[in-house]
Amino acid sequence: MSSGRHFLQIPGPSNVPDRVLRAISYPTIDHRGPEFAELGLDVLDKLKSVMRTESEAVIYPASGTGAWEAALVNTLSPGDRVLMFETGQFGTLWAGVARDLGLEVDFVPGDWRSGVDPAVVEERLSADTEHRIKAVAAVHNETSTGVTSRIPEIRAAMDRTGHPALLFVDTISSLGSVDYRHDEWGVDVTIGGSQKGLMLPPGLSFHGISAKALQAAESAGLPRSYWNWGPMLASGAGGYFPYTPATNLLFGLREAVAMLHEEGLERVFARHRRFAAATRAAVADWGLEVQCRVEEEYSPVLTAVAMPDGHDADKLRTAILDHFDVSLGAGLGKLSGRVFRIGHLGHLNEPGLLGTLGAIEAGMRLVGIPYRPGGATAAAEHLADTAA
Ligand SMILES: Cc1ncc(COP(=O)(O)O)c(C=O)c1O
């Protein structure tokens, strides 16, 4: 048992602000009563304001994986082809969900160090003259690598081909942390989750749904029941759910989005970019490498740090947790043991970030990782030089 507060610096679930925790602790209300309708309509509106859409939205009492499945079953039919990308562990898992559902996945291989290449999207869609590809599915922020794909460029590449495929975007680890525009970027299904930039506990996931996706849903042939947009949108129009909602998480959602708007979305995004830059300054000063190799794709949400050869990231993370009470993200899939991930998202301030980076530096000294001391100071200098 250590004194002080545990530092949860994984790239989600992120720290839940006290205001949100208090909101969640309100007494549960009747989800079929009049008070609920007001809450339901309010949270749908608030969610749309963060997705930046005037179109439809639904809220699932499920983790993000459920909303991945929901996007596919609402719009596609057995045997449909989906263009997906090996950006990292989450791109890979989503492709697995699609295959499990009986979809044909065109899986573009990747190096786990870069995002979706818009040129490849253009090339694959141009080659698909019979329009067999029904959807392009991209992870906006690949949480396993710290790489943020360029969605507007992907949209522009799709538009250049004139191909009618739908565009699905997983914003589970970007929504509320990274600039995102469902309507303006022509996204058909935006998939979000509660436990990252929205500063809530795990348990909710979201869709923003375009008119084109709604139209696709009318003829989609995959079986769907729990995930079916039809009853959700019908109940949602009155602020209700077709089944029992996660009422208390919705209290939290109302409060969390209010906090984002009080700070201002643009300022929230700028804060994330600034903390990410300070973190990269620390990594560079330590003489280590970040996993993302494309500068314009550096994630504002997290930084994955590659270990020097012969050193185990998990040993370092364990030492930092045991001695300094800081949780860092593990390397996932192919990157297991090879990277550790620093979450700098959500409810975080400068001392929280500096404390995390200081603990990492102390941990590297403790376990004998070769590094140059001073990274935490480099981050402090960046924060001082960019202080508003
Ligand atoms: C980008 C991304 N997509 C999908 C998921 C899966 O979501 P969940 O674990 O909430 O089911 C995660 C989880 O971290 C994620 O980061």
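# Questions on strands, ligand and backbone

Student: What makes strand β13 (residues 326-330) largely enclosed by the rest of the structure?
Tutor: Four of its five residues are buried, so β13 is largely enclosed. Buried means under 20% relative accessible area, exposed over 50%, and partly exposed in between (1.4 Å probe, protein chains only). Strands (E, at least two residues) and helices (H or I, at least four) are DSSP runs numbered from the N terminus. The model is predicted: local features need pLDDT of at least 70 and side-chain atom pairs 80 or more, while totals for chains, interfaces and linings use all residues. Residues are numbered from 1 along each chain as its sequence is written, and side-chain values use heavy atoms, without hydrogens and water.

Student: How do you know that strand β1 (residues 7-9) pairs with β13?
Tutor: Two strands pair if DSSP finds at least two bridges between them. Three bridges join β1 to β13, and these strands run parallel. In one of them, F7 has V326 of β13 as its partner.

Student: What joins β13 to strand β14 (residues 339-343)?
Tutor: Two bridges, in the antiparallel sense, join β13 and β14. G329 stands opposite R341 of β14. Strand β12 (residues 302-306) is also antiparallel to β14, with five bridges, and A306 has V339 as its bridge partner there.

Student: Which residues are closest to the ligand?
Tutor: S63, T65, T143, D170 and K196 are the closest of the 13 residues that surround the ligand; a residue counts as near if one of its heavy atoms lies within 4 Å. Helix α3 (residues 64-75) gives the most to this shell, three residues.

Student: Why is N248 called buried?
Tutor: The relative accessible area of N248 is 17%, so the residue is buried. N248 is found in helix α9 (residues 247-263). Leaving aside neighbours within four places in sequence, N248 is in contact (heavy atoms within 4.5 Å) with I24, Y26 and T28.

Student: Is W112 buried or exposed, and how do you know?
Tutor: With a relative accessible area of 4%, W112 is buried. W112 lies in the loop between β4 (104-108) and α5 (118-127). Although not a glycine, W112 has a positive phi of about 60 degrees.

Student: Which peptide bond is cis at P13?
Tutor: The bond from G12 to P13 is cis, with omega near -5 degrees. P13 is placed in the loop between β1 and α1 (18-24).
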